[in-house]
Amino acid sequence: MEKRAPRQESFNSRNYFILAAIGSAVGLGNIWRFPYVAFKNGGGAFILPYLIALLAVGIPLLFFDYALGHRYRGSAPLSLRRMGRWTESLGWWQVMVCFVIGIYYAAIIGWAGMYTLFSINQAWGSDPKTFLMRDFLHVADTPGVGLDFVPSLFIPILVVWAVTLITVALGVNKGLAMVNKIFMPLLVVMFLVLVVQSLFLPGAGTGLDALFTPKWGALGDPAVWAAAFGQIFYSLSVGFGIMLTYSSYLKRRTDLTGSGLVVGFANSGFELLAGIGVFAALGFMANQAGLGVSDVAGQGLTLAFVAFPTIISQAPLGSLMGVLFFASLTVAGLTSLLSIVEVVVSAVRDKLGIPKVQATLVIGIPMTILSIFLLSTTTGLYFLDITDEFVNKYGILGGALACIIATVWFVRKLPVLRDHLNRFSSFKVGRGWMALVGVASPLVLGYMLINDFIGKLGKPYENYPQHLLVIFGWGMSAALIIIAVVLTLLPWRRSIRTDFDEQNNEHEVSEEVSA
């Protein structure tokens, strides 16, 4: 008779889970992506499609991930294997997406950590863009693949990986939960101080007017609605194994939907707070330069490592603002990276049947080496930009779409997941939730994917050389699927049940209710 696997780790409390889930959701994109997306897509009017996207797709898919992980009690591949034998490969697809994202995400966190130190004496001088591209990253003039090592980038990336792997190896409660228990309140306090400081800068009102003045005509543009749904989707960490993995660590008798509502609205609240702080500061920057806010607004690396250093150099108590901003980026990025790496470690641990520390090293050492090898070079920024664009679009969105279609229309487990959510949850779901997950979400994701695919066929992304796009873009996206299928063919450890025992699951739940 096959030996039953021991029960896996679990969060000591629901509050630990909520903090960890918020820590995963609140990442770099909340700070450097949401404000610009809102500004470019209708300003104050963008809040309407944003809220609709949150309620119609974001929170329903959050519930969907929670139900999958909590019911089937495993990593992404194991949970999906237990749901339907052939769907395991979809779980490995999500794992591989996290593997690739973790490689470059760690580098950005390392850069933010270095800029926290640079802020003290404003090391970027009078030209932050030149400092970033030439003096710090040493970016090659021509996009390509090079092995020119940049020693100054090695240490920060190594430190980020050391902190990440030690935290993950310590386990769910001593590692993930404790770090988020400390870092999330710290992040909120730092960012609140930053926002208050930004609001008192000359020109702050101009920046807020630019962000929140509604452009109602934008609501007739399908691209604005696609931007809103895209922002919600990426921001909540749904669809690529993170929330599924975290929810598998919850105790049986847990309010899943109540937890999801807290996480969803907390994440969106932080995004709005970030928008206020960032655009108040950009208003000051525009005021100082005698330009319009649209002339200085940007997103991603441009906002974080060029615009904000410019603001810091000109603002009263600029060094304090710089430390707060870049420390916030570092903390927000680190809590997200922890969840990304946990997805991969959890899957390997389940598949091979090895201890948590060993699984962390098996995965962490290769990820660290690749991160340093690819991102500590003069061409690292090109790899990051291309891979991030394609893996986010075709890895996250494509994987989520495939998982939803498989669950709803092939293995037909959505009613089972609905009943599981309703077992102990305070907020009940029904046919409306099933329609949003099974119909609305695939339509939205399908539209976004097709629209983006057509756009990329018509014009090379950022005019990069075609061979780079083939290798790090299209090729990387296809390779993740192929590797996922190969990993599915590997045997599971003998001590774990890959076929889910429905009767045993019901028995365990009944025992907890009686207790």
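Leaving aside its neighbours within four places in sequence, with which residues is Thr368 in contact?

Thr368 is in contact with Leu158, Trp161 and Leu165 once its neighbours within four places in sequence are set aside, contact meaning heavy atoms within 4.5 Å. This is a predicted model, in which local features need pLDDT of at least 70 and side-chain atom pairs count only at pLDDT 80 or more, while totals for chains, interfaces and linings use all residues. Residues are numbered from 1 along each chain as its sequence is written, and side-chain values use heavy atoms, with hydrogens and water left out.

Thr368 belongs to helix 17, residues 356-375, helices being DSSP runs of H or I with at least four residues, numbered from the N terminus. Thr368 counts as buried because its relative accessibility is 11% (buried is under 20% relative accessible area, exposed over 50% and partly exposed in between, with a 1.4 Å probe and protein chains only). The side chain of Thr368 also reaches the backbone oxygen of Gly364, at 2.7 Å.

## Phe373

Phe373 likewise lies in helix 17, and Phe373 counts as partly exposed because its relative accessibility is 49%.

## Arg82 in helix 5

Arg82 lies in helix 5, which spans residues 76-83. Arg82 is buried yet has no salt bridge, and Asp350, the nearest side chain of opposite charge, is 6.6 Å away; a salt bridge is a side-chain nitrogen of Lys or Arg within 4 Å of a carboxyl oxygen of Asp or Glu. A polar atom of the Arg82 side chain does, however, lie 3.0 Å from the backbone oxygen of Arg73.

Key: Helix = DSSP H or I, 4+ residues; strand = E, 2+ residues; numbered from the N terminus. Lys, Arg positive; Asp, Glu negative; His and termini not counted. Polar contact = N/O pair within 3.5 Å; in protein donor to acceptor, adjacent residues only side chain to side chain.
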